[in-house]
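Here are my notes for you as a new reader. Please keep the structure open while you go through the points.

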Amino acid sequence: MNRIAYMVLRNIIRVPGWFYRIGKLGREDDSHTDQERYDYLRKIIEKVNRTGRVTIEKTGLKNIPEENGFILFPNHQGLFDMLAIIEACPKALCVVFKKEVAEIILVKQIARLLRAIPMDRKDVRSSLKIINKMTEDVKNGKNYVIFPEGTRSRNGNRILEFKAGTFKSAVNAGCPIIPVALIDSYKPFGVSSINKETVQVHFLEPLNPDQYVGLKTKEIADIVHDRIQNKIDENI
């Protein structure tokens with residue numbers, strides 16, 4: 001957590017303006033497009049990461065579809081994950097996140113800007129509604145990020161089993177599934193240091209509908225899991 005404080009101190013003059021602007025962009029009646037709101041947030045995150053002494057190395061940008069309406073499935077290493085993904089991905093993203101963090105200051109405002117969806121993992125009925133909403137949103141050209149492990153791994157670059165249910169929206173929408181391998185994303189906020197860190201974000205080859213049609217969601221989850229773990233193993 002030392003780095004979070006360091007990031008705030010390095011940007012203390014800018015924070016009030018950022019906070020105000022993020023709040024305005026998060027209003028329901030805001031007229032900006034999803035991409036315009038996302039671009040503003042992305043510029044802030046790039047600045048925060050740089051002043052926080054974190055470098056984002058990204059590969060596989062060509063694997064991000066030109067057409068909107070896809071879902072990213074990254075491994076989950078910690079609080080820094082979305083900062084790495086947003087800096088790396090130029091296309092506007094919406095995210096599904098834990099309901100427990102929905103009221104944390106700044107997280108709440110950023111979630112509203114992204115039109116993010118809080119999920120109560122203990123409420124099956126609520127989860128089903130979110131799956132249905134994601135399906136419709138993706139069909140209408142929104143892009144999502146969802147972490148298929150359900151919780152962050154405590155084992156560094158070893159990932160947990162993927163939950164099959166997280167792939168239902170992609171299957172129902174018939175959209176590209178983009179595996180994303182995060183490497184060392186646990187370090188910026190998980191190590192008590194402000195030493196320079198490098199986080200790798202690898203966008204892997206999409207799994208397109210014609211490649212997964214007829215497969216069970218558990219089979220899809222295993223394919224995506226193994227592709228990500230293999231990519232991590234190649235780069236550490």
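1. Start with Arg37 and Asp30. Their side chains meet in a salt bridge, 3.3 Å from N to O. A salt bridge here is a side-chain nitrogen of Lys or Arg within 4 Å of a carboxyl oxygen of Asp or Glu. Arg37 is buried, and Asp30 is buried too. Buried means under 20% relative accessible area, exposed means over 50%, and partly exposed lies in between (1.4 Å probe, protein chains only).

2. A word on the source. This is a predicted model, where local features need pLDDT of at least 70 and side-chain atom pairs count only at pLDDT 80 or more, while totals for chains, interfaces and linings use all residues. Residues are numbered from 1 along each chain as its sequence is written, and side-chain values use heavy atoms, with hydrogens and water left out.

3. How many salt bridges does the rule give? The count comes to eight. One of them joins Asp137 and Lys133, at 3.1 Å from N to O. Both residues lie in helix H6 (residues 124-139), four residues apart, about one turn of the helix. Helices (H or I, at least four residues) and strands (E, at least two) are DSSP runs, numbered from the N terminus. Is Asp137 buried or exposed? Asp137 counts as buried because its relative accessibility is 13%. Lys133 has 42%, so Lys133 counts as partly exposed.

4. Helix H10 (residues 217-234) holds another such pair. Lys218 and Asp222 both lie in H10, four residues apart, about one turn of the helix. Their closest N and O atoms are 2.9 Å apart, and the two form a salt bridge. Lys218 is partly exposed, with a relative accessible area of 36%. Asp222 is partly exposed as well, at 31%. Elsewhere, salt bridges that share partners join Asp30, Asp34, Arg37 and Lys142 into one network.

5. Now the sheet. Seven strands make an open sheet in the order E1-E7-E6-E2-E5-E3-E4, with mixed pairing. Which strands are at the edges? They are E1 and E4 (117-119), and each pairs on one side only. Two strands pair if DSSP finds at least two bridges between them. In general, strands of a sheet pair through backbone hydrogen bonds, either parallel or antiparallel.

6. Look at strand E7 (residues 197-203). Six of its seven residues are buried, so E7 is mostly covered. Strand E1 (residues 54-59) runs parallel to E7, and six bridges join them. Glu57 stands opposite Gln200 of E7. Strand E6 (residues 177-183) runs antiparallel to E7, with four bridges between them. Here Leu182 has Val201 in E7 as its bridge partner.

7. Another pair in the sheet is E2 (residues 71-74) and E5 (residues 144-145). They run parallel, joined by two bridges. Ile71 stands opposite Tyr144 in E5.

8. Back to H10. This helix lies across E2, E6 and E7, at about 35° to E6. Axes are lines fitted to C-alpha atoms, for helices over the stretch in contact, and angles run from 0 to 180 degrees between N-to-C directions. Ala221 sits in H10. Ala221 is buried because its relative accessible area is 0%. What does Ala221 touch, leaving aside neighbours within four places in sequence? Ala221 is in contact with Phe162, Ala164 and Phe167. Contact means heavy atoms within 4.5 Å.

9. Two residues deserve a check of the backbone. Most residues other than glycine have a negative phi. Arg53 is not a glycine, yet has a positive phi of about 65°. Arg53 lies in the loop between helix H3 (34-51) and E1. With 31% relative accessibility, Arg53 counts as partly exposed. Asp184 also has a positive phi of about 65° and is not a glycine. Its place is the loop between E6 and helix H8 (187-190). Asp184 is buried, with a relative accessible area of 15%.

10. Ile13 is found in the loop between helix H1 (2-10) and helix H2 (15-25). Is Ile13 buried or exposed? Ile13 is exposed, because its relative accessible area is 76%.
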